[in-house]
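User: I want to go through the side-chain interactions here, one at a time. Keep the answers brief, please.

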Amino acid sequence: MKDSRTVTVDDARILDLKQVNTSEGGAIVSCEKSDLLPFDPKRVYYLYDIPAGESRGAHAHKECHQLLVAVSGSFEVVANDGNSEMKYCLNQPNQGLHIPTGIWAAEVNFSGGAICLVLASEEYTESDYFRTKEEFSTWKSE
């Protein structure tokens, strides 16, 4: 795996998740330990009741990878590697955005009723976070 300091926005990518259409109608999406995910999830959480148009996130991780999924509604993710920026629109429950370590990410422009599911490669550890862009930029340039 790449060193977190050399990761770029090009390393973030949309993954098509395994979807099964049921004979009863509807669909099931599963994220199992497989070749699909670039990490084994150790934590799962979700964001909801975010007012329309609002933002969340705005941080980076030293060790933790994340997969973000819009299981309901939509939102955008602005990814920044310290030099370049890319915007992704998530609005399909069978697609997820892999955010590798060393990427500053902010979830923005939530639709009303949106739910953001997050699969994380690590358990929560505050010391893994960059909470300010200045701290992140300094670390990336070391």
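**Side-chain interactions**

User: Are Phe-130 and Phe-136 buried or exposed?

Analyst: Relative accessible area decides: under 20% is buried, over 50% exposed, and partly exposed lies in between (1.4 Å probe, protein chains only). On that scale, both Phe-130 and Phe-136 are buried.

User: What kind of model is this?

Analyst: Residues are numbered from 1 along each chain as its sequence is written, and side-chain values use heavy atoms, without hydrogens or water. Local features need pLDDT of at least 70, side-chain atom pairs count only at pLDDT 80 or more, and totals for chains, interfaces and linings use all residues, as the model is predicted.

User: How many aromatic pairs are there?

Analyst: Rings of Phe, Tyr and Trp (its six-membered ring) pair if their centres lie within 6.5 Å; planes under 30 degrees apart count as stacked, over 60 as edge-to-face and the rest as tilted. By this rule the count of aromatic pairs is 7.

User: How is the pair of Tyr-46 and Tyr-48 classed?

Analyst: A ring pair is described by the distance of the centres and the angle of the planes. The centres of Tyr-46 and Tyr-48 are 5.7 Å apart. Their planes stand at 40°, so the pair is tilted.

User: What type of aromatic pair do Phe-130 and Phe-136 form?

Analyst: Centre to centre, Phe-130 and Phe-136 are 6.0 Å apart. The angle between their planes is 65°, and the pair is edge-to-face.

User: Which residues do ring pairs link with Phe-130 and Phe-136 into a cluster?

Analyst: Phe-130 and Phe-136 belong to a cluster linked by ring pairs.

User: Which ring lies under the charged end of Arg-131?

Analyst: A charge sits over a ring if NZ of Lys or CZ of Arg is within 6 Å of the ring centre and within 35 degrees of the ring normal. Lys-62 has its charged end over the ring of Phe-130, 5.1 Å from the centre. For Arg-131 the distance is 3.9 Å, and the ring is that of Tyr-129.

User: Which residue forms a salt bridge with Arg-131?

Analyst: A salt bridge needs a side-chain nitrogen of Lys or Arg within 4 Å of a carboxyl oxygen of Asp or Glu. Arg-131 is partly exposed at 41% relative accessibility. Its closest N and O atoms in the bridge are 2.8 Å apart, and the partner is Glu-126.

User: How many residues apart in sequence are the parts tied together by Glu-122 and Lys-42?

Analyst: The salt bridge between Glu-122 and Lys-42 spans 3.9 Å, N to O. Glu-122 lies in the loop between S11 and S12, and Lys-42 in the loop between strand S3 (27-30) and strand S4 (43-47); helices (H or I, at least four residues) and strands (E, at least two) are DSSP runs, numbered from the N terminus. The pair thus ties together parts whose separation in residues is 80.

User: In which strand is Glu-76?

Analyst: Lys-87 and Glu-76 meet in a salt bridge of 3.8 Å, N to O. Lys-87 is in strand S8 (residues 85-90), 11 residues from Glu-76, whose place is strand S7.

User: Which side chain of opposite charge is nearest to Asp-128?

Analyst: Asp-128 lies in the loop between strand S11 (115-120) and strand S12 (129-130). Lys and Arg count as positive and Asp and Glu as negative; His and the chain ends are not counted. Asp-128 is buried yet has no salt bridge; at 6.5 Å, the nearest side chain of opposite charge is Lys-62.

User: With which side chain does Asp-128 make a polar contact?

Analyst: A polar contact is a pair of N or O atoms within 3.5 Å; within protein, one must be able to donate a hydrogen and the other to accept it, and residues adjacent in sequence count only if both atoms are side-chain atoms. The side chain of Asp-128 has such a contact at 2.8 Å, with the side chain of His-61.

User: Which backbone oxygen lies 3.0 Å from a polar atom of the Lys-140 side chain?

Analyst: Lys-140 is in helix H1 (residues 133-141). Lys-140 is buried without a salt bridge, and Asp-81, the nearest side chain of opposite charge, is 6.1 Å away. The backbone oxygen at 3.0 Å belongs to Gly-102.
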